[in-house]
Amino acid sequence: FFFQAEDGIRDKLVTGVQTCALPISRVAFEDFRIDYELFSRTLPDDKFPPGSNWLMLGPSGPRRLRLSVEHLAQFRGGICFCVDLDPRWVIKLIKKGWMDHLEAYKAHCIDQAVTILQAGHDIRCMFTTPKLLEALALRLESMGTSIRQMGITGIFSGGTEFTPQWNRFAHEELLDGAYMTPTYGNTLMGLAASAPSGPHNNYKITYHAPQPRAVIQVVDFDNPSRVVGYGETGRVKLTTLTREFFVPGFLERDEGEREQPCELYPWDGISGVRPYRALAESTTVGVY
């Protein structure tokens, strides 16, 4: 078995009491692999060519994210080169105000990513976070090249800082024609894919949970039994049911707006995902 964990402040599954900085854990045998195999079906083969190699440039910490991206690469017929960033160290640097150390650490991670991309490993696909993607694109620009020119054709990325404004900025200024799809997920839900986003909808990002394994509802802040109307704001309530794991009606640490089903995902979605307002002040987000 394998332990999975999530960073941050979250209601503990068993006791219901709040805890700070202690990751929430669950036992999983195959779920994290199945989650990413299902997500693989949502990736267009012309942008994420089967058999291509991957670069994973993102947070490791206690989570199984690195192993999941590595499995995704292998499931699609490639291998994965990993540059791990320690999110807990980044949070400590921010809280201490050691911003010079933070920038040096970020530059160190970008150095490693550039070295891998220059090594001729036929890397076509990448997972990263918005801040690291921006840092990598700007570094490559200073070298007279771009993400697309380095061979990257498909990127999936995610995080609470993945706003429509940043999505547009990335497409217009950073990607040089490379394809990017936003994602939203965690240990308990798996990985939610995004409906098509671009100029046609002002780069709005709507996520749809991987039903039927996981179902999210956007519920009233004061009455979690009431689902809010389409376009209204509420807290994320998650129900997960797999062969390995069941958790009903778990109130997540996120909020957002309830969205209509779409052609690709004929069930409710959520947009504007951000930290739940009651916990936002005590949660450090957007650190990587």
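Tutor: Contact, in this discussion, means heavy atoms within 4.5 Å. The model is a predicted one.

Student: With which residues is T181 in contact, leaving aside its neighbours within four places in sequence?

Tutor: T181 has its place in strand β9, which runs over residues 179–186. Its relative accessibility is 10%, and T181 therefore counts as buried, the cut-off for that class being under 20%. Once the neighbours within four places in sequence are set aside, the residues in contact with T181 are L43, F48, I155, F156, S157 and S194.

Student: Is N53 buried or exposed?

Tutor: N53 is found in strand β5, and its contacts beyond four places in sequence include G78, F81, H121 and C125. The C-alpha atoms of N53 and R76 are separated by 8.9 Å, although these residues stand 23 places apart along the chain. The class itself follows from the relative accessibility of N53, which is 13% and therefore makes this residue buried.

Student: Against which elements do the buried residues of α2 pack?

Tutor: Helix α2 covers residues 65–75, and its buried residues are L65, S68, V69, H71, L72 and A73. Just after this helix, G77 takes a positive phi of about 95°. The elements against which the buried residues of α2 pack are α1, β5, β6, β7 and β8.

Student: How are α5 and α6 oriented to each other?

Tutor: Two packed helices are described by the angle between their axes and the distance between the axes. For α5 (residues 130–142) and α6 (residues 164–174), the axes lie 11 Å apart and the angle is about 20°, while the crossing is left-handed. Since angles under 35 degrees fall into one class, α5 and α6 are therefore roughly parallel.

Student: How many nonpolar, polar and charged residues has the contact of α5 with α6?

Tutor: On the side of α5, the residues that meet α6 are P130, L133, E134, A137 and L138, and on the side of α6 they are W166, F169 and L174. Sorted by class, this contact of α5 with α6 has seven nonpolar, no polar and one charged.

Student: What is the handedness of the crossing of α4 and α5?

Tutor: Helix α4, residues 99–117, packs with α5 at an angle of about 65°, and their axes are 10 Å apart. The residues of α4 that meet α5 include K106, I110 and V114, and those of α5 include L132, L136 and R139. The residues of this contact of α4 with α5 divide into nine nonpolar, no polar and three charged. As for the handedness, the crossing of α4 and α5 is right-handed.

Student: Does N202 count as buried, partly exposed or exposed, and what is its relative accessibility?

Tutor: Most residues other than glycine have a negative phi, and most peptide bonds are trans. N202, in the loop between β10 and β11, has a positive phi of about 55° although it is not a glycine. N202 counts as exposed because its relative accessibility is 64%.

Student: Which two residues does a cis peptide bond join?

Tutor: The loop between β11 and β12 holds P212. The omega of the bond is about 10°, and the residues joined by this cis peptide bond are Q211 and P212.

Key
Residues numbered from 1 in each chain as written. Predicted model: local features only at pLDDT ≥ 70, side-chain atom pairs only at ≥ 80, totals over all residues. Heavy atoms only, no water. Axes fitted to C-alpha atoms, helices over the stretch in contact; angles between N-to-C directions. Helix = DSSP H or I, 4+ residues; strand = E, 2+ residues; numbered from the N terminus. Parallel < 35°, antiparallel > 145°, perpendicular 65-115°, else oblique. Left-handed = near helix turned anticlockwise from the far one by under 90°. Nonpolar A, V, L, I, M, F, W, Y, C, P; charged D, E, K, R; others polar. Buried < 20%, exposed > 50% of the residue type's maximum accessible area, 1.4 Å probe, protein only.
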